Every structure is written in structure tokens, then in C-alpha cells.
Amino acid sequence: MHPELKTVIELQQVDLKIAELTTRIDGLPAQIQTLQTQLDEFIHAHEERKKRLTENQKERRELESEIKLIQEKIAKHKDQLYQVKTNEQYRAMLKEIGGEETNIRTIEDQVLEKMMEAEEIQKLIEEAASRLEGEKARVAGEIKELETERQTEVDEREHLRARRKELEGALSEPVLSLYERIRSARGGIAVAQVREGLCTVCNVLLRPQMNNEVLANDAVLTCENCGRIIYYVAPAPAETGEAGDRSTEAAV
């Protein structure tokens, strides 16, 4: 194979790997932020439940105080029953006492609802509290793994960038300029393999003469359709021998 063609092929592989690493490196901060956001949301929900439980307890105390005031009013009205002078006043007083007792039952239902709500909130708080340290440890561990992965990929990218400079130096100016121009114009893909007479990137059939020249791999050639640098790799030889015989027998 032509030395510069071989170098260009490796350069393309290095550039693709650098691009892949860069995408992953650039994406890792977002992954870390997602993990941190999940933990922050978990903690926020936990704190909100604790606030709600405190509010619930305050509301229950207020309702219980209201019941106590009504009970005191009822007791006072019952004492006044003995002081009324007419049946009409007596009935009016009984009606008022009945309304206050109904009001107490309504408030007692509200207290019961608050108690049930408090039990549910308390259950959620206890479950979250038991998970909180584990969630913190999990997120911290995953973030550490991502940061380690990022550093490993940064180091690998730096190594590849150094290798890229070596490859650039091994190319003539015309070939390097050709490669860079095509890579810029073709979305980063400047080199394509030819298989069965086709450019495997644009899938256009090469002219027979061009195909024959590519098969030799002794020059830097470009696809007449997409303009990419093209090269040929011979297909792997078919399996032969005993394994092939057995596969043939199995097919029969």
C-alpha cells in the first residue's frame, strides 16, 4: 500500500476517535449535573414533606383549639338553659347547642383527615430518611466514576492528538491539504473503503478503470462521485478445511 495512503487511513481513524471522545467528554458534565439534580430533587421533596408535616401539626392544633372553644361555648349555653324563661328561648338555645355540636363533629372529621395525612407523610419521611444517605453515597460514587472516566478519556484524546501531529508530519502538504479539505466539506469523513467496486460511503459504482487503480492501493485516489479518498481492503478468505466441511455437511 502507498505509504501516504496508509497514513491517511490511520489519520482518519484517529480523527474519528478524537471526535467520539470529544463528544463523550463534552457530554459528561451534563450527566454529572443530571445525577446532582436527581439528588437535589430527592432532598427537596424530603424537606417539603417535613415542612408539610409541621404545617399539618399546626393545623391540627388550631382545629383542636377551635373544638375546645366550641365545647366551652356549649357548656356555657347549657348552663344558661336553666335561666331561660320561655319555651321559645329554650328551644332556640337547644338549636344553637345542636348547631355547635354539629360544628364540632365537622371539625373532628377534619382533625381525623389531618391525622391520616400526617401518618402518610410521616411514613414517606421515614422511608426517605432511610434512603437519603444511600442516595448521597450512590450519586457521589457515580459522579466519581464519571469524573474518572472523563479524565481517562481526556488523557486518551491528548495521546491521539499527539499521534495526529505525527501523522500530519508524515504526509506531504498536497495530501494533507486534500485530506483536511475533504474532511471539512464531508462532515468529518474524508476516507472511504471500496468494496465490490462501490464506494462504501456514497454507494456509487466506480468506473472499471478507476476500480482497477484503487485495487492496487499504490496511489492516493478520490471517489469521482463524493470526492473522498478511497482505498481497497481485500475481503477475509473464506473458512476452509475441516470446519468448512462440517458446515457444508450440516447445511445438507
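Tutor: Let us begin with a pair of charged side chains: Glu-158 forms a salt bridge with Arg-161, and the closest N and O atoms are 3.0 Å apart. Before we go on, note that this is a predicted model, in which local features need pLDDT of at least 70 and side-chain atom pairs count only at pLDDT 80 or more, while totals for chains, interfaces and linings use all residues. Residues are numbered from 1 along each chain as its sequence is written, and side-chain values use heavy atoms, with hydrogens and water left out.

Student: What is a salt bridge, and how many does the structure hold?

Tutor: Side chains of opposite charge can pair when their charged atoms come close. The term here means a side-chain nitrogen of Lys or Arg within 4 Å of a carboxyl oxygen of Asp or Glu, and the structure holds 23 salt bridges.

Student: Where do Glu-158 and Arg-161 lie?

Tutor: Both lie in helix 2, three residues apart, which is about one turn of the helix. Helix 2 covers residues 87-170; helices (H or I, at least four residues) and strands (E, at least two) are DSSP runs, numbered from the N terminus.

Student: Which side chain meets Arg-131 in a salt bridge?

Tutor: That partner is Glu-135, at 3.8 Å from N to O, and the two residues lie four apart in helix 2, about one turn of the helix. Arg-131 is partly exposed, with a relative accessible area of 45%, whereas Glu-135 is buried at 17%.

Student: Which residues does a network of salt bridges join?

Tutor: Start with Glu-168 and Arg-164, whose side chains meet in a salt bridge of 2.0 Å, N to O, and which both lie in helix 2, four residues apart. Glu-168 is partly exposed, with a relative accessible area of 25%, while Arg-164 counts as buried at 11%. Salt bridges that share partners then join Asp-15, Arg-164, Glu-168, Glu-180 and Arg-183 into one network.

Student: How should I read a sheet, and in what order do the strands come?

Tutor: In a regular strand the side chains alternate between the two faces of the sheet. Two strands pair if DSSP finds at least two bridges between them, and here four strands form an open sheet in the order 2-1-4-3, with mixed pairing. The edge strands are strand 2 (198-199) and strand 3, each of which pairs on one side only.

Student: Which strands run parallel, and which antiparallel?

Tutor: Strand 1 (residues 191-195) and strand 4 (residues 229-232) run parallel and are joined by four bridges; Ala-192 stands opposite Ile-230, and Val-194 stands opposite Tyr-232. Strand 3 (residues 221-222) and strand 4 run antiparallel, joined by two bridges, and Thr-222 stands opposite Ile-229. The hairpin of strand 3 and strand 4 has six residues between the strands, and Gly-227 takes a positive phi near 80 degrees in this hairpin.

Student: How many disulfides does the structure hold?

Tutor: A disulfide is a covalent bond between the sulfur atoms of two cysteines. The structure holds zero disulfides, the cut-off being a pair of cysteine sulfur atoms within 2.5 Å. Cys-223 is in no disulfide, and the nearest cysteine sulfur, that of Cys-202, is 3.7 Å away. Cys-226 is likewise in no disulfide, the nearest cysteine sulfur being that of Cys-223, 3.7 Å away. Cys-223 is buried, with a relative accessible area of 5%, and Cys-226 counts as buried at 6%.

Student: Which residues does Met-210 touch?

Tutor: Contact means heavy atoms within 4.5 Å. Not counting residues up to four places away in sequence, Met-210 touches Leu-221, Thr-222, Glu-224 and Ile-230. Met-210 is found in helix 4 (residues 208-216) and is buried, with a relative accessible area of 9%.

How values were computed. Buried < 20%, exposed > 50% of the residue type's maximum accessible area, 1.4 Å probe, protein only.
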